[in-house]
Amino acid sequence: MTYFNENIRLYLKLSIILGVLFVVFYGGSNWINGSRDNHFHLYFQWELGIPFIPWMMLVYLSLQLLFIAPVFHCHRIELIILAKRLAMAICLASLIFVLVPTISGFERPSNPVFLQELFSMLYVLDKPHNLFPSLHITLSTLVVIAVTNGAGKCIQVFYSVWLLLLFFSVLLIHQHHIADIFSGLALAYLCVKINLSPIKHLLQVDGYDHL
């Protein structure tokens, strides 16, 4: 129980750091892109025919539950490694957002029949920019990689299906396009493969130096 409590304390520390990082970098780049007049349209016209399925918002928001999973599946060092990868993803994605400002081709429904309050809140907090790469896809992929590393078959299948549903959700509630999903996966791959040693002090916690 003591070990689990230590994991929770570390998780909370890292969550606060990542939360601040997300608000500053993602929020800042979204504000910058929202004030611009010219944006890239990185989608095919046929994508605009993808159906809008409001209840998939519940799947989309389940990312917040997925973020809790590492507490139960990851050791202390694994939590720190995951946090560094998430931090790198947020920073790199935000840089790309500023360099490649995009805008969604989907028209946001003014009055969704289902889950109207949730959609209204999402549209207020998240403008139709910061699409390429999809940070929703990148972050969820990194978390699933962390929690399924060395896990049993059932755990791997469970989280893989969850991740696949998240992929569909960003399309079916018209938050992202196909290019955003593939670029989000590419960014996750980069964050896993890149050598973290040059940024080992980015999220140094309690004197741990394991990279």
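Two residues are taken to be in contact when heavy atoms of each lie within 4.5 Å. By this criterion, among contacts in the protein chain between residues at least 6 apart in sequence, 90% join residues at least 24 apart. The structure is a predicted model, in which local features need pLDDT of at least 70 and side-chain atom pairs count only at pLDDT 80 or more, whereas totals for chains, interfaces and linings use all residues. Residues are numbered from 1 along each chain as its sequence is written, and side-chain values use heavy atoms, with hydrogens and water left out.

The protein chain contains 9 helices and 0 strands, where helices (H or I, at least four residues) and strands (E, at least two) are DSSP runs numbered from the N terminus. Of its 211 residues, 44% count as buried, that is, under 20% relative accessible area with a 1.4 Å probe, protein chains only. The accessible surface of the protein chain (Shrake-Rupley method, 1.4 Å probe) comes to about 11200 Å², of which 70% belongs to carbon and sulfur atoms.

A nonpolar core was defined as a set of buried Ala, Val, Leu, Ile, Met, Phe, Trp, Tyr and Cys residues joined through side-chain atoms within 4.5 Å. The largest such core has 50 residues, and those with the most contacts inside it are Met57, Leu66, Leu86, Leu135, Leu142, Tyr159 and Ile173. Two or more residues each are given to this core by helix H1 (2-34), H2, H3, helix H5 (76-99), helix H6 (116-125), H7, H8 and H9. The most, 11 residues, come from H5. Leu135 touches Phe22, Tyr26, Ala89, Ile90 and Ala93, residues up to four places away in sequence not being counted.

Helix H8 (residues 153-172) comprises 20 residues and reaches 28 Å from its first C-alpha to its last, close to the 28 Å expected at 1.5 Å a residue; the expected span is 1.5 Å times one less than the number of residues. Buried positions in H8 include Tyr159, Trp162, Leu163, Leu166 and Phe167. The buried residues of H8 pack against helix H2 (56-61), helix H3 (63-66), helix H4 (70-73), helix H7 (135-148) and helix H9 (178-193). Just after H8, His174 takes a positive phi of about 60°.

A search of the whole structure finds 1 cavity of 30 Å³ or more, a cavity being a set of points on a 1 Å grid over the protein atoms alone where a 1.4 Å probe fits but cannot get out. Grid points are joined across faces, edges and corners, and the volume is the space filled by probe spheres set on the points. About 60 Å³ of space lies in the largest cavity. Of the 13 residues that line the largest cavity (an atom within 4 Å of a point), the closest to its centre are Arg108, Lys127, Pro128, Leu131 and Gln175.

Key:
1 Å grid on protein atoms, 1.4 Å probe; cavity = no way out; pocket = protein on both sides within 12 Å on 5 of 7 lines; lining within 4 Å.
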